[in-house]
4 protein chains.
Amino acid sequence: MVSSTSERSATYERRTSWLLTAAAVLFLVVYAWPILQPDLPTGWVHACSVANVTIWTTFGVDYLVRLALAPSKPRFVRDHIPDLLVLALPLLRPLRALRAATALARLGRASMGFRGQTTAYVVGAVGLLGFVSAVAVLDAERGAANANIKSFGDAAWWAVTTITTVGYGDHFPTTVQGKWVGVGLMVGGIALVGTITAALASWFVEHVGAAERAGAQAPDQLAALTAELAALRTQLNNAQAGDRTDR
Amino acid sequence: MVSSTSERSATYERRTSWLLTAAAVLFLVVYAWPILQPDLPTGWVHACSVANVTIWTTFGVDYLVRLALAPSKPRFVRDHIPDLLVLALPLLRPLRALRAATALARLGRASMGFRGQTTAYVVGAVGLLGFVSAVAVLDAERGAANANIKSFGDAAWWAVTTITTVGYGDHFPTTVQGKWVGVGLMVGGIALVGTITAALASWFVEHVGAAERAGAQAPDQLAALTAELAALRTQLNNAQAGDRTDR
Amino acid sequence: MVSSTSERSATYERRTSWLLTAAAVLFLVVYAWPILQPDLPTGWVHACSVANVTIWTTFGVDYLVRLALAPSKPRFVRDHIPDLLVLALPLLRPLRALRAATALARLGRASMGFRGQTTAYVVGAVGLLGFVSAVAVLDAERGAANANIKSFGDAAWWAVTTITTVGYGDHFPTTVQGKWVGVGLMVGGIALVGTITAALASWFVEHVGAAERAGAQAPDQLAALTAELAALRTQLNNAQAGDRTDR
Amino acid sequence: MVSSTSERSATYERRTSWLLTAAAVLFLVVYAWPILQPDLPTGWVHACSVANVTIWTTFGVDYLVRLALAPSKPRFVRDHIPDLLVLALPLLRPLRALRAATALARLGRASMGFRGQTTAYVVGAVGLLGFVSAVAVLDAERGAANANIKSFGDAAWWAVTTITTVGYGDHFPTTVQGKWVGVGLMVGGIALVGTITAALASWFVEHVGAAERAGAQAPDQLAALTAELAALRTQLNNAQAGDRTDR
């Protein structure tokens, strides 16, 4: 019984994966468009809102279906806290678009090595995180009185200077909502940039290590073992030679 | 004699560990509350001061008892300099709350791997360091004339931009006391963020290394050793065959 | 046929490599000179423009010749996208000078280890990236109304504070062109500084590892193998001794 | 001949090492004192200048003596470029005090491990670099018209925010000399902080690696080798058993 439930759950995820990825990408469009285009006709703004709600219902239904199919309900809830957070907090919604990046990364799994794959994923995640943060901070700051982020150019420049931790201070969020976006960008940016450094370091340790270890390692124990073996062979040789002369 | 003293010392630490952890957490509350709630009734402010002094006496007595139980007094003093610093300098007091984090980390030791444990500990330490620094800098800056940190929101935002080394410069300490808090936050933050990068790097080195080494390693010396052994076996085979035909 | 085409391509690259390196270095001069020397006589400015165009034609012809010599055209285009980007976008042109650094690094390959070589290359790349960015940002900002980068001193100081991610905010680009230069400097700077950290980390892992592993490693399996071999030898010894006494 | 020259050179370095360390520490004092104490009586300022010149003559004479004792003059000059730079450029002089830190590190070599030693050295170097930079930037900025570093407090705070790459921008050098000090601090700071991260990473790779590798490594080739050896032993056993029954 449990096995067949788990199987049905896997089948469901395989079949809906592409639909949900498309929904996440579409969400990015309907979220960003009205913010980036402030003079969008009311009709389009309304259409975007409707699409937004529809996409959200889709994710909500998907969550409930997966919960129903899960062999162990409490375990599913515990293992899918990010899904729940994304449904509950409007501010975290854009993060859902990372699902598309994950799907793309899964496509590339066959043709690239593990490190190349991770690097591609991280570069994609940095780009997406930067873009979503820039849009979200613009949404928060544009209406504020003393804000200094008034256009998407300002917001994008702020995102780049923040994710690289340069932080000139020529543009920065002033509203509470904008500052929360900034906190997310900083925390995410540090993790991602740290991952790039880590990938570089692992590449170094391996290549430099392999090159320099090749000659220098000289494992004494292996050498001792080989010497022991050679001695054994000589001894065996002599014994057989003696055997022959004895006869 | 020495062994029984050392045993009594361990028993004492095991029994008081939870009391002192509770005291450290309570200290965090009575330290932060009057600062975060400037309009707290005088009665509560007074109660917090009394609790503060009581907690401090607890830690002082604990230090003296452990000193008395220690097999070697000078060695105990040398190995517990942080405990002494925390008792002597009021500014370092909030650091004592990290004892609670350590205790929590110890609880988790059984169920998580070493790396997961370290990561959880570091994330907890970053959160605690940031919160304590924000409270301490607010305490130092609120009364100053030209200060730009006037609310806990300002202080928390300053702490995040500092620990991530972004440093916009929209909020920064201006008093000497506030600058010392900033120095502590920067030094601690660098160490903690460096630890996160290091954990990522170690994870990479291991997983990528294991994946790529699996096929490629080709240890020439082991191959040579195996060939040597095969030759020995052939030789032995032939010798025995010869033995038999000889007879 | 394919082999001879590929051979001709390699011969062509070997013969023109030095010419193109010289052209890249010369490009750096004719690009930077009119910007750094605003009162340069018109004749020289014109000469620099002509040289610039000539160098660009050289790179364009080189690209076409290599494309013609390539065994597989689509593969060549796919593998040489940076070459195409440099030809198409004027802003990326200075990056071409990195070819000279690569050539220098190739010269040094014989006398230095891999890590020393990488370090030298990265230090060279940081210097070149910083210089080119400073020149490019000065070119973009000098004419702007509210710009704060007005001299090469300002631009160089800005480049250093940006590549180190300090970012005081006393000088920063204000024009769109200048901000793109800044984005390039930040992205490139992070990668290069990450490489330095990675090189340090790999050096550490190896040296510290080697020193501490030397005694402590105790490979149980090798020890077991050696014990097995010693037992085999004893057994063989006894057998031969028995053989002799039997006779 | 060469061997005795090289021996004399080593003897000279061993005997003068402590004198030169003392001179470097004294230099730090006579360099920093007149800057930190602007109202120092003229007599003391004069004494500091004299001491400064004397120390410099000492280092100059030391360089010449070591050059005279060196077996190969051109090689000595090539290997001791930092010594020459320190003699030639007044701005680099404070760096000489790092010799004292090196000497202290050498003292500690016996009692600490390699990683502990490196960490202690780096922490010492960061402290020294920060202090010297703060003094040097104060010297450069104090007299400037629009400078914002006017006291040692300002300068020390600037040094901390710079070495941690936070860079609020509340204090920064405005003079050319001060900016060169800043460049030195940033470059040195990045290298040193990178070393701390690298030390953490190497510690992680080793401890986490050792813990997780312990059970999982399972080197297939060693296992194969051991099986081969066991087979050999069985074969030998059987052969000897056959030998005995034959007779």
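Does C:Arg66 count as buried or exposed, and at what relative accessibility? At 6% relative accessibility, C:Arg66 counts as buried, where buried means under 20% relative accessible area, exposed means over 50%, and partly exposed lies in between, with a 1.4 Å probe and protein chains only.

Colleagues, a word on conventions. This is a predicted model, in which local features need pLDDT of at least 70 and side-chain atom pairs count only at pLDDT 80 or more, while totals for chains, interfaces and linings use all residues. Residues are numbered from 1 along each chain as its sequence is written, chains are lettered from A and ligands numbered from 1 in the order in which they are written, and side-chain values use heavy atoms, with hydrogens and water left out.

I turn to the partner of C:Arg66. The side chain of C:Arg66 meets that of C:Asp62 in a salt bridge, at 3.3 Å from N to O; the term denotes a side-chain nitrogen of Lys or Arg within 4 Å of a carboxyl oxygen of Asp or Glu. C:Asp62 counts as buried, because its relative accessibility is 3%. Both residues lie in helix 2 (residues 42-69) of chain C, four residues apart, about one turn of the helix. Helices here are DSSP runs of H or I with at least four residues, numbered from the N terminus. An α-helix has 3.6 residues a turn, so residues three or four places apart point the same way.

Next, chain D. D:Asp62 forms a salt bridge with D:Arg66, with the closest N and O atoms 3.3 Å apart. D:Asp62 is buried at 3% relative accessibility, and D:Arg66 is buried at 6%.

In chain A, salt bridges that share partners join A:Arg75, A:Arg78 and A:Asp79 into one network. Within it, the side chains of A:Arg75 and A:Asp79 meet at 3.6 Å, N to O. These two residues belong to helix 3 (residues 73-79) of chain A and stand four residues apart. A:Asp79 counts as partly exposed, since its relative accessibility is 42%. Over all chains, the search of the whole structure finds 12 salt bridges.

Finally, chain B. Helix 2 (residues 42-69) of chain B has 28 residues and reaches 41 Å from its first C-alpha to its last, close to the 40 Å expected, that expectation being 1.5 Å times one less than the number of residues. Its buried residues include B:Trp56, B:Asp62 and B:Arg66. B:Cys48 is also buried, at 5% relative accessibility. How many disulfides does the structure hold? Over all chains there are zero, a disulfide being a pair of cysteine sulfur atoms within 2.5 Å.
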